[in-house]
Structure formats: C-alpha cells, structure tokens
Amino acid sequence: MALTASQLDTFRNDGYLILPRYVAQAECEAMLADARAQLAAASGPLEFEADVGYAGAPASREAEGGQTVRRLLKAYDRADTLRRWATRPDLVESLAQIFGENVVLTLAHHNCVMTKHPHFGTATGWHRDIRYWSFPHNSLVSVWLALGPETRENGALRFIPGSHREQLQPHQLDALDFLRPDEPDNQSLVARGRQVELAQGDVVLFHSGLFHAAGRNEGGATKFSVVFAYRGESNPPVPGTRSASAGEVPLGR
C-alpha cells in the first residue's frame with residue numbers, strides 16, 4: 001500500500017493527503033471502545049476544554065461544562081489497539097516515503113484521542129502545529145484517524161491547501177500564533193480554506209506547517225479522532241524543550 005507518485009505530489013503541494021477507508025471498521029470500533037471506556041472512567045491524563053481557553057470554552061473546570069474532556073492524553077500508553085495503529089507497518093512505510101528516511105513517532109505532541117463533545121466542544125482557529133513544537137526543521141507529519149464520521153456539523157477539520165509553503169509576517173499572527181481573522185493580509189489566505197469531511201476509517205496526513213482549524217460540535221454525539229505525530233530520523237527535537245520531554249519510538253521504515 002505504498003503511496004503513489006500522485007499522492008506524494010498532492011501531499012507536497014497541498015500539505016495534506018486523505019487516505020479513504022484506510023482502517024477497517026472492526027479496528028476502528030475496537031479503538032473506539034477503548035476510548036469510550038477510558039473517557040467514561042475519566043482515566044488520566046486528560047485535557048479539558050476549560051484548560052485551553054479558546055472562545056466559547058468553559059471559564060474553569062468548576063464552571064458549567066468545565067469537566068468536558070478535550071483530549072485523552074498519552075494515547076500510545078493507553079491501549080494495545082492504539083499502539084498497533086500508531087506503529088502499523090504500511091503507515092510507517094508511507095511516512096518513510098514522505099520523509100525519505102526512517103520514521104520516529106514523537107510522544108511529546110498529539111499522542112492523543114480527541115474527544116469533541118456537543119455544546120462544549122469548542123472551535124479551534126487557524127493555526128500550525130509547529131507553533132509550539134521545537135525541531136530543527138518544520139517537516140513533521142500529523143496522522144489523523146477518524147473513528148467515526150467527521151462533518152461540518154460535528155466540527156471536522158478545515159485546511160488551507162499549500163499554506164505550509166507560505167512565508168507569513170509577524171502582524172498576521174496573534175500572540176498564540178493563530179491567524180488573525182481581522183487582518184486584511186490574511187483574507188486571501190483564509191478564503192482558500194477547505195472543509196474536509198471524513199468517514200470512519202479515513203486517515204489524513206498533514207504537514208506540521210499547514211494551517212488548519214475546526215468548528216464546534218453542533219451535533220448530538222461526541223466525535224472521536226486519534227492523532228499521532230511523526231518525524232524523520234534526521235530531525236530530532238531540540239534538547240531541553242517540550243518536544244524532547246516525553247520520549248520517542250523509532251519505527252524504521
């Protein structure tokens with residue numbers, strides 16, 4: 001299941017690539033069962049919507065909706081189903097094609113199950129993952145697996161194709177390195193934004209420098225997604241930074 005030349009070109013040009021029906025239903029349901037059980041048991045470590053301070057989020061964990069879980073952290077350590085997915089040989093081989101070298105799973109970033117709840121599952125503005133990652137080269141790949149349908153209604157991803165190749169000026173970003181929606185110089189960039197809708201088992205590979213966003217969950221059920229991040233072996237984290245703080249898993253190719 002190696003990536004084709006056309007798929008590699010799509011990733012390099014657009015900064016993301018969708019792999020439809022990449023994971024079988026039975027595997028998705030097994031991961032989903034593990035995630036739901038851990039969410040019901042509030043098995044830590046957890047990130048809450050109140051922790052991120054985004055617009056519309058509860059003001060604190062004590063406020064209404066303050067116990068809404070945003071992410072089940074340290075997914076790699078949570079279940080065999082999640083570890084098997086993170087290290088799946090054909091996925092690793094596809095990533096090796098993109099990097100042109102051996103692959104390493106970083107445990108410091110993503111490494112989570114995203115749980116976007118109705119009512120309190122907040123929107124996320126346009127941002128790049130590399131904004132808080134510390135590596136010599138902005139060339140990591142995030143791998144997003146939809147464990148159920150992801151639509152505009154329940155807060156699916158949006159991407160700005162090709163934005164990983166844009167050179168932005170400081171005035172285009174706010175203090176958290178999100179695109180400033182009120183900045184005129186951002187209007188043409190934001191206008192290129194594309195909504196992505198996924199079915200269960202669909203996978204998206206996207207570049208660490210690609211601007212992406214997601215809406216609120218206006219549906220009636222919690223949306224579950226698994227997200228891991230990978231690097232090439234020649235691009236280690238900067239010592240002493242958060243990126244170097246949680247260990248890694250060498251995967252070869």
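## Ground rules

Because the model is predicted, local features need pLDDT of at least 70 and side-chain atom pairs count only at pLDDT 80 or more, while totals for chains, interfaces and linings use all residues. Numbering runs from 1 along each chain as its sequence is written, and side-chain values use heavy atoms, with hydrogens and water left out.

Helices (H or I, at least four residues) and strands (E, at least two) are DSSP runs, numbered from the N terminus.

## Helix α2

Let's start with α2, which covers residues 25–40.

Which residues of α2 are buried? They are C28, M31, L32, A35, Q38 and L39. These residues lie on the same side of α2, because they cover an arc of only 130 degrees around the axis, the arc being that of the directions from the helix axis to the C-beta atoms. An α-helix has 3.6 residues a turn, so residues three or four places apart point the same way. Here, buried means under 20% relative accessible area, exposed over 50%, and partly exposed in between (1.4 Å probe, protein chains only).

The buried residues of α2 pack against β3 (69–73), α4 (80–86), β5 (112–116), β7 (141–146) and β12 (223–232). On the face turned away from the buried side sit the exposed residues A26 and A40. After α2 comes A42, with a positive phi near 50 degrees.

## Helix α5

Helix α5 (residues 89–99) is largely enclosed by the rest of the structure, because 9 of its 11 residues are buried. Those buried residues are D90, L91, V92, S94, L95, A96, Q97, I98 and F99. G100 follows α5 and has a positive phi, near 75 degrees.

## An open sheet

Now for the strands: 4 of them form an open antiparallel sheet in the order β6-β11-β8-β9. β6 (124–127) and β9 (194–195) are at the edges with a single partner strand each, so one side of each has no neighbour in the sheet. Two strands pair if DSSP finds at least two bridges between them; β8 (residues 157–159) and β9 pair in the antiparallel sense over 2 bridges. F159 stands opposite R194 in β9.

## A loop residue

N186 belongs to the loop between β8 and α6 (187–191). Is N186 buried or exposed? N186 counts as buried because its relative accessibility is 0%. Leaving aside neighbours within four places in sequence, N186 is in contact (heavy atoms within 4.5 Å) with Q172, L179 and R180.

How values were computed. Expected span 1.5 Å × (residues − 1).
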